[in-house]
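User: I'd like to learn how to read helix packing and nonpolar cores. Can we walk through an example together?

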Amino acid sequence: MLALGGEDKMITVSNQEGDTIRQIPVRSEPSDMQFSMMKTDDRTSTAESTISVVVGKKTLFLFNLNEPDNPIDLEFQQHYGNIVCYSWYGDGYIMIGFSRGTFVVISTHIREIGQEIFQARDHKDSLTSIAVSQTLNKAATCGDNCIKIHDLAELKDMYAIVNLDDEHKGLSTLSWTDDGQLLALSTQRGSLHVFLTKLPILGDACSTRIAYLTSLLEVTVANPVEGELPITVSVDVEPNFVAVGLYHLAVGMNNRAWFYVLGENAVKKLKDVEYLGTVASVCLYSDYASALFEGKVQLHLTGVIQYFYIEDWQFVNDYRHPVSVKKIFPDPNGTRLVFIDEKSDGYVYCPVNDATYEIPDFSPTIKGVLWENWPMDKGVFIAYDDDKVYTYVFHKDTIQGSKVILAGGTKVPFSHKPLLLYNGELTCQTQSGKINNIYLSTHRFLDTLKDVGPHELRQVLTQTLMLKRFPDAWELCKILNDQAAWNELARACLHHMEVEFAIRVYRTIGNVGMVMSLEQIKGIEDYNLLAGHLAMFSDDFNLAQDLYLASSCPVAALEMRRDLQHWDSALQLAKRLAPDQIPFISKEYAIQLEFTGDYANALAHYEKGITGDNKEHDEVCLAGVAQMSIRMGDIRRGVNQALKHPSRVLKRDCGAILENMKQFSEAAQLYEKGLYYDKAASVYIRCKNWAKVGELLPHVSSPKIHLQYAKAKEADGRYKEAVVAYENAKQWNSVIRIYLDHLNNPEKAVSIVRETQSLEGAKLVARFFLQLGDYGSAIQFLVISKCNNEAFTLAQQHNKMEIYADIIGSEDTTNEDYQSIALYFEGEKRHFQAGKFFLLCGQYSRALKHFLKCPSSEDNAAIEMAIETVGQAKDELLTSQLIDHLMGESDGMPKDAKYLFRLYMALKQYREAARTAIIIAREEQSAGNYRNAHDVLFSMYAELKSQKIKIPSEMATNLMILHSYILVRIHVKNGDHMKGARMLIRVANNISKFPSHIVPILTSTVIECHRAGLKNSAFGFAAMLMRPEYRNKIDAKYKKKIEAMVRRPDTSETEEATTPCPFCEFLLPECELLCPGCKNNIPYCIATGRHMLKDDWAVCPHCDFPALYSEFKVMLSTESTCPMCSERLNLDQLKKTSDCTQYLRTEVEQ
């Protein structure tokens, strides 16, 4: 279409045939007419259907050919000035420049029309032109001797300002080239200025060295990784290709190339070369250069990649691709390359094994590929297009084989061309001839991770594992300190076959099993075998099987399936790899099938498992055949097999199966053969085969079976057999019942009740005796069976209360029972029995009343019981009542003092008891009952000692004199007259305490002293006997001898030996008990009567009285009891006391 405007203020639109299709009148003269397209909601139309025109230099008129009735007239603010020029751009936007230096952006969208999107005053005085480059996404305005450039994406930011101070007459018009590389400006004085806005992006890299175009005639060579200073190279022509090697630089255009040598400080031109065609690209390395022109040299458009070894000048490898190859990008070592074919698909090619690996998600817009130059990151490369860089990793060694994965993408700034990749840092060339470094998003872990959250850290960990950066992943796991992260790292190590690192990780997380497993396989050199083990550890069993089968040890696949209990797979593998293992696998498979209830298949596999030459294994299979046959209904075969089999357990298991199937006779037969007699007998009982039960009974231990058998025999009337079975079943009540009811053997029943204390059995026996009229026995067994009420009633009815009372007194009985008996006896006026049972039930007052009422025939026992009652009651009133009774206050008849002594003892009034004991002992002594007196004093002495009460000196002295008298008989009997004489002297010196036997004791003293050579002592006591009151009482046998002794006195005397006092070591006669040195009463020896010695100390283990160890030992050789306490004693019980300090403490009142 053609649109025309003229001075007639009319706009005419014509078609290509010249026909006028529209005529539009306007208000003023039109100028600067343009076709464009307004923004609408309907984006289907792509034709330029809108005419824009400046009317009268003040308004902008918009006419949509599709809507001729709705033209739009846009007016602007007066202070902007006249419209100088305008330009459409983007999605329906218009930039308008005004004469007074302002430019405005408006939108033509119907909802935004009439609104200013952006407004800025770029120039102070005037604006002469604007120009928009959509290629560069830039807008330029000129005026006031300067050009200002804005970025269309962010108009308020100034991109650049160019000043032209020489142009005094002013600037005119701006215009961009289509590619935006040049900006032209005309001026009022006839000049034309052309500005370079961007350089052609030309660059190359070799290892870590890069070369890039920094101006149209200048190339810069730099090594940013190694920190070398950049070198600037001036070239003769504007190049359209650049290449760099280790020591050289090449630039060129069309069919010509210039080569430069890169020195340390300077650059020297080497030569220029003309080729036979237009050069597409040049590659340099250390000594050689290769150029690609017209499909020749390394890259052939026939789809063949060839490796040419320059040193030998020959091809070493070639690869034929199905379609043509467009570009190749070898890695720094040349061991791998990426190529792009004419379908824009990318592949990694490894010439070593002639294998290709398709690159996933490869964009068809990819312009180039860069390999990672950092030596630790082999296998990482990027593919880039205009907007984005894609990071790929070639995983050469994984358990799934070699593959390429996409690790991530990174947006690149506008017009950046990647030149070099080193450790995740991408060096790019910009349009301005500079280089800029950006980090790939896949290498975020190289930044500081101090403030990064756990969720982002896990994403970073995933990136490090994709890139196989295991040391970095280790550090991340330490920061995360999370079991899941460590496990993810460990799994990645297994996937990439990094066994040593995996061991390190598993050791850190404490997985001992994995560490041990990996240690065992880490030395394996077979790639497939190692990968198979690792796949198995990763739970990818199918992959593990494939790898094992491809390895040098395919049987490992079979072992794995066996360990996993994948028996179907194991059997298939065994057929191919190890046929001899089929029986063993069949057995294992059969066990599993049996467990899951598939008995038919289990039977088949058990049968396949029989080898014929492996006894233990075959026994298991035959046992399985027996069990499965029974389960499948072939009972005869199964039972026969089980009977032939040596295993008892099999017979038991088969018996259990048959029992569940209600096949009792076969089950019992197997149990019996397996010696499981209890089970066999139980099953025989179920099928009522009592004869067999009887046969097995001696071997049966189960009481339940004996009980069942006993019941059956009792029902048959065979009571003797029944009673034996009941006894074996421990059913004592049934045993007692049969003995009483059927076998008429009450004696046996009674003995069983007494042995077993069976309550129910006791009731049966009681009932039996009741029927016989034997009420005493009936009462006894009723009490045993805890039927006290019935027993009491029976005793009352038949006047057998004494029997009941005797029996109940020996049982655990309640107070109510005792009270019932007491009340019965009280009613019968039987005071002693009433008192006894009132005492048992704790009614002390009533008990004492009855004891004191007892007739004189029961006096002694009644008083003893009364003392016990008062002792238990601890009641002062009752005590005083009893004391009054004992003193004769109530009946004028004082009772024996021994009862008072016992009362005081029962009341624990030990001082009063001691005084009473002394009185009793004195009475006994006066009556000549010296042993009784001795025992009363000894028991009191021991009681006071145990209560830690000081012992009265009179009691201690009397006990010592009585004990000395008792020792005389022992010494004289043993023929030791000296010891006997010494003790008799001690007794004779206290003869007043022995009034009943003064003459006999003095006579014995004279005789023993004479025998022992103590003539002077014998004379003294003989003279005493000659007194008138004693002379006529001397035994006629000794009278003349004693008279002769007095008439012819012999005063010679064997001197008494002296021994040290145990308190102060003072030497005193050995029978002296009062030390003249320290005035202490010395303990005396109960064996000799002498005083004790420190270094010869022993004590009686029963009464704790001291004795000289050496002398006591001699005495015990002839005597078997202690002379003090009369308890039995032997030499083994006697121990010498090393420290006698505790026995020297004063126990007796001084």
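This is a predicted model: local features need pLDDT of at least 70, side-chain atom pairs count only at pLDDT 80 or more; totals for chains, interfaces and linings use all residues.

User: How do the axes of α34 and α35 sit relative to each other?

Analyst: In general, a pair of packed helices is described by the angle and the distance between their axes. Here, the axes of α34 and α35 (residues 977–988) come within 8 Å and cross at roughly 150°. Angles over 145 degrees count as roughly antiparallel, so that label applies to α34 and α35. Their crossing is left-handed.

User: And at what angle do α2 and α3 pack?

Analyst: Helix α2 (residues 470–480) and helix α3 (residues 483–495) pack at about 165°, with axes 9 Å apart. That makes α2 roughly antiparallel to α3. α2 passes α3 in a left-handed crossing. The contact residues include Trp-474 of α2 and Trp-486 of α3. By class, this contact of α2 with α3 has ten nonpolar, no polar and one charged residues.

User: Now the cores. Which residues touch the most other members of the largest nonpolar core?

Analyst: Ile-1086, Phe-1105, Phe-1112 and Met-1124 do, in a core of 72 residues. Helix α34 (residues 953–973) supplies the largest share of this core, nine residues. Leaving aside neighbours within four places in sequence, Phe-1105 has contacts that include Phe-938, Leu-959, Ile-1086 and Met-1124. A second, separate core has 66 residues, among them Val-460 and Ala-531.

How values were computed. Residues are numbered from 1 along each chain as its sequence is written. Side-chain values use heavy atoms; hydrogens and water are left out. A nonpolar core is a set of buried Ala, Val, Leu, Ile, Met, Phe, Trp, Tyr and Cys residues joined through side-chain atoms within 4.5 Å. Buried means under 20% relative accessible area, exposed over 50%, partly exposed in between (1.4 Å probe, protein chains only). Helices (H or I, at least four residues) and strands (E, at least two) are DSSP runs, numbered from the N terminus. Contact means heavy atoms within 4.5 Å. Axes are lines fitted to C-alpha atoms, for helices over the stretch in contact, and angles run from 0 to 180 degrees between N-to-C directions. Angles under 35 degrees count as roughly parallel, over 145 as roughly antiparallel, 65 to 115 as roughly perpendicular and the rest as oblique. A crossing is left-handed if the near helix is turned anticlockwise from the far one by less than a right angle, and right-handed if clockwise. Ala, Val, Leu, Ile, Met, Phe, Trp, Tyr, Cys and Pro count as nonpolar, Asp, Glu, Lys and Arg as charged, and the others, Gly among them, as polar.
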